[in-house]
Amino acid sequence: MSKIILTGDRPTGKLHVGHYVGSLRGRVELQNSGKFDHIYIMIADAQALTDNADNPEKVRQNIIEVALDYLSVGLDPLKSSMFIQSQISELCELAFYYMNLVTVSRLQRNPTVKSEIQMRNFETSIPVGFFTYPISQAADITAFKATTVPVGEDQAPMIEQTKEIVRKFNGTYAEVLVEPEILLPDNKACLRLPGTDGKAKMSKSLNNCIYLSDSEEDVKKKIMSMYTDPNHLRVEDPGQVEGNSVFIYLDAFSKTEHFGAYLPDYASLQELKEHYMRGGLGDVKVKKFLNAVLQEELAPIRERRKHFEKDIPEVYQILKKGTEEAREKAAATLSEVKEAMKINYFEDLTMIQEQAKRYSE
Ligand code: TRP
């Protein structure tokens with residue numbers, strides 16, 4: 001069986017370093033591993049509209065932001081098809097048929113939907129489109145017969161829901177769809193990078209994100225004012241590394257080589273942590289090290305971004321071409337789905353003949 005990746009992001013804002021360690025960095029590695037037959041990366045604008053119906057301009061503006069972020073981190077249009085969800089109507093068709101295979105109570109139990117309803121104060125008036133987006137997401141994944149879906153931990157219930165739909169469909173009609181597997185980063189710190197203020201979630205409205213598109217100076221400023229251990233007041237005080245954003249970021253980003261290059265007094269992150277916990281190590285020194293590490297990672301991303309920003313029409317061309325590639329695959333799956341569901345009337349010549357015979361007898 002071929003190995004296919006499908007993943008994507010809602011274009012509701014620029015992508016930040018949490019997206020990067022949680023998913024983007026891994027996608028680029030998977031892309032360059034050569035182990036996959038096809039990679040589809042989707043800008044989920046239709047899904048973004050399920051909770052931004054009144055703000056289409058925001059979604060439109062962020063398509064190009066997300067596309068630039070993709071290209072800057074090293075997703076390569078020659079190796080990965082990058083496309084825009086709303087431009088593939090086959091995905092809506094699939095979702096419409098899958099709706100018959102899912103119950104309202106099952107959707108109500110979806111933990112991601114539940115917490116998002118709370119977050120958006122939708123309790124009293126949930127838009128139907130938003131409520132059913134897990135079904136649409138199952139369409140996104142199955143349209144490409146994806147075997148592997150690299151996403152953040154928060155998306156696990158979506159993959160679960162997709163698997164259920166696949167089993168239900170294949171059991172009811174025919175073995176057409178493929179059950180996907182979620183792929184999470186193995187580094188725990190990468191699962192959910194906290195905000196620079198120490199809050200569990202990075203969010204634009206909390207103003208606690210480091211964006212991939214931030215300038216060198218902005219990144220430095222954000223790091224130098226980052227949340228650490230509030231009880232670590234003097235250098236000599238023992239400090240805590242758990243829940244300390246600076247150390248969590250180091251868990252996610254630092255490699256042994258970085259110590260040789262920027263902090264040769266320590267051989268490893270473990271040694272640095274031990275010194276911090278013992279006392280005698282100031283926050284500024286650790287922050288400066290984190291800044292060096294992060295700037296090293298972000299510099300090539302910034303460079304590539306500059307290059308693509310010079311030719312925005314070309315970026316749209318890349319998306320258009322990716323969308324054409326993606327549509328071909330989605331259309332092929334949809335046609336198998338319709339055949340399995342016996343709604344392929346005009347293609348089914350045997351059926352037409354049988355009907356004709358029935359009436360001529
Ligand atoms: N729900 C995902 C998010 O909020 C975006 C998304 C839409 C997606 N369709 C997808 C992710 C299909 C993976 C596969 O980030």
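Mentor: What follows starts at the ligand, moves to the helices, and ends with some loop positions.

First, the ground rules. This is a predicted model, in which local features need pLDDT of at least 70 and side-chain atom pairs count only at pLDDT 80 or more, while totals for chains, interfaces and linings use all residues. Numbering runs from 1 along each chain as its sequence is written, and side-chain values use heavy atoms, with hydrogens and water left out.

Now the ligand. There are 13 residues around it, and those that come nearest are Met-42, Gln-47, Gln-137, Asp-140 and Gln-155. A residue is near a molecule if one of its heavy atoms lies within 4 Å of it. By class, the shell holds six nonpolar, five polar and two charged residues. Nonpolar here covers Ala, Val, Leu, Ile, Met, Phe, Trp, Tyr, Cys and Pro; charged covers Asp, Glu, Lys and Arg; the others, Gly among them, are polar. Two elements, β1 (4–9) and α8 (133–143), each supply at least two residues of the shell. Helices (H or I, at least four residues) and strands (E, at least two) are DSSP runs, numbered from the N terminus.

Next, the polar atoms. A nitrogen atom of the ligand has a polar side-chain atom of Gln-47 at 2.7 Å. Gln-155 also places a polar side-chain atom 3.0 Å from a ligand nitrogen. On the oxygen side, an N or O atom in the side chain of Arg-10 is 3.3 Å from an oxygen atom of the ligand. As for cover, the ligand taken alone exposes 370 Å², and the protein buries 90% of that. Such areas come from the Shrake-Rupley method with a 1.4 Å probe; for residues, only the protein chains shown count as cover.

Stay with Arg-10. The residue is in the loop between β1 and α1. Arg-10 counts as buried because its relative accessible area is 18%. The cut-offs: buried is under 20% relative accessible area, exposed is over 50%, and partly exposed is in between (1.4 Å probe, protein chains only). The Arg-10 side chain makes a polar contact with the side chain of Gln-47 at 2.8 Å. A polar contact from Arg-10 also goes to the side chain of Tyr-133, at 3.0 Å. A polar contact is a pair of N or O atoms within 3.5 Å; within protein, one must be able to donate a hydrogen and the other to accept it, and residues adjacent in sequence count only if both atoms are side-chain atoms. So Gln-47 has a polar side-chain atom 2.7 Å from a ligand nitrogen and a polar contact with Arg-10.

Of the 17 residues in α1, 12 are buried. Ser-23 is one of them, as are Gly-22 and Leu-24. Just after the helix, Gly-34 takes a positive phi of about 70°.

Compare α3 (residues 56–73). Its 18 residues reach 26 Å from first C-alpha to last, close to the 26 Å expected at 1.5 Å a residue. The expected span is 1.5 Å times one less than the number of residues. α3 bends by about 25° at Asn-62. Asn-62 is buried, and Ile-63, Ile-64 and Asp-69 are among the other buried residues of α3. Gly-74 follows α3, with a positive phi near 110°.

Ala-53 counts as exposed because its relative accessibility is 62%.

Most residues other than glycine have a negative phi. Asn-207 is not a glycine, yet its phi is positive, about 60°. It sits in the loop between α10 (188–191) and α11 (216–224), and is exposed at 68% relative accessibility. Lys-342, also not a glycine, has a positive phi of about 60°. Its loop joins α16 (312–340) and α17 (349–360), and its relative accessible area of 67% makes Lys-342 exposed.

Last, the whole protein. It has 17 helices and five strands. Its C-alpha trace spans about 100 × 45 × 40 Å along the principal axes. Of the 361 residues, 51% are buried.

Technical notes: Bend = angle between axes of the 7 residues up to and from the residue.
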